Amino acid sequence: MASPAADDYLKTVYAHTEWQDAPITPSVLAAKLGIAPSSVTEMVKKLAAAGLVSHVPYGAVRLTDAGTQRALAMVRRHRLIETWLVQEFGYGWDEVHDEAEVLEHTISDRLLEGIDARLGRPRFDPHGDAIPDAAGVVEREPFVLLADAPSGHVGRVLRVDDRDPELLRALEGAGVTVAANITTTPTGIELEGTATELPDGAAQVVWLSA
């Protein structure tokens, strides 16, 4: 079952559980993709028939082993392209997601390998998301969502969700970037030792080393 739409579904299911454990439901999948629930139901049935997901009516959608491998291949494309756009073309980290959504379906495997080699085979994209290698292997260290980190927790920023460009710009303006050091306090955070006010919603999109 080869289609960009199928790849987008698989990639979205994978990404949903990459940084938290709750499986994705068809309604959440529909919201993330911006597609009518009825259309999602039909596509999920097709993906299940192709052996790429498992699903029971009204239950969660889970990737099979085959679905996971295909999702990882698309995630690799997306994140390498984002990294390429930032490093080679000067894009901001708030500008690359939508571009990568288009390009990931069009470039050849040969070009993707060339991009990977030129960039020095990076392990993480500009937002801190792990880039699977060509075999689908992903490296990731233990993490905690900033909103769930207890007061006094000290950690490096591992990842910032890339779905909201405006919030990404606000975080960058506040100095929150991947690898920055954050200490949580009873009243907020310290960034590199300095008390810093975060934009609204930041605690839900920033992950720290555990």
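This is a predicted model: local features need pLDDT of at least 70, side-chain atom pairs count only at pLDDT 80 or more; totals for chains, interfaces and linings use all residues.
Reader: Which residues of α3 make the contact with α2?
Author: The crossing of α2 and α3 is right-handed. On the side of α2, the contact is made by Pro26, Leu29 and Ala30. Their partners on the side of α3 are Pro37, Val40 and Val44.

Reader: Into which classes do the residues of the contact of α2 with α3 divide?
Author: No charged residue and no polar residue takes part in this contact. The class that remains holds six residues, and that class is nonpolar.

Reader: How many charged residues does the contact of α1 with α2 have?
Author: From α1, the residues Asp8, Tyr9, Thr12, Val13 and His16 meet Val28, Leu29, Lys32 and Leu33 of α2. By class, five residues of this contact are nonpolar and two are polar. The number of charged residues is two.

Reader: Which residues in α3 meet α1?
Author: The axes of α1 and α3 are 11 Å apart, at an angle of about 90 degrees. The pair is therefore roughly perpendicular. Ala5, Ala6, Tyr9 and Leu10 of α1 meet, in α3, Ser39, Val40, Met43 and Leu47.

Reader: How many polar residues does the contact of α1 with α3 have?
Author: Seven residues of this contact are nonpolar, and no charged residue is present. The number of polar residues is one.

Reader: Which helix gives the largest share of the lining of the largest pocket?
Author: The largest pocket holds about 550 Å³ of space. At least two lining residues come from each of α1 (4-16), α2 (26-33), α4 (65-89) and α5 (96-103). The largest share, five residues, is that of α1.

Reader: How many charged residues are in the lining of the largest pocket?
Author: The lining has 23 residues, and Ala15, Lys32, Arg159, Asp161 and Arg163 lie nearest the centre of the pocket. By class, six residues of the lining are nonpolar and five are polar. The number of charged residues is twelve.

Notes. Residues are numbered from 1 along each chain as its sequence is written. Side-chain values use heavy atoms; hydrogens and water are left out. On a 1 Å grid over the protein atoms alone, a cavity is a set of points where a 1.4 Å probe fits but cannot get out, and a pocket is an open set with protein on both sides within 12 Å along at least five of seven lines; lining residues have an atom within 4 Å of a point. Grid points are joined across faces, edges and corners, and a volume is the space filled by probe spheres set on the points. Helices (H or I, at least four residues) and strands (E, at least two) are DSSP runs, numbered from the N terminus. Ala, Val, Leu, Ile, Met, Phe, Trp, Tyr, Cys and Pro count as nonpolar, Asp, Glu, Lys and Arg as charged, and the others, Gly among them, as polar. Contact means heavy atoms within 4.5 Å. A crossing is left-handed if the near helix is turned anticlockwise from the far one by less than a right angle, and right-handed if clockwise. Axes are lines fitted to C-alpha atoms, for helices over the stretch in contact, and angles run from 0 to 180 degrees between N-to-C directions. Angles under 35 degrees count as roughly parallel, over 145 as roughly antiparallel, 65 to 115 as roughly perpendicular and the rest as oblique.
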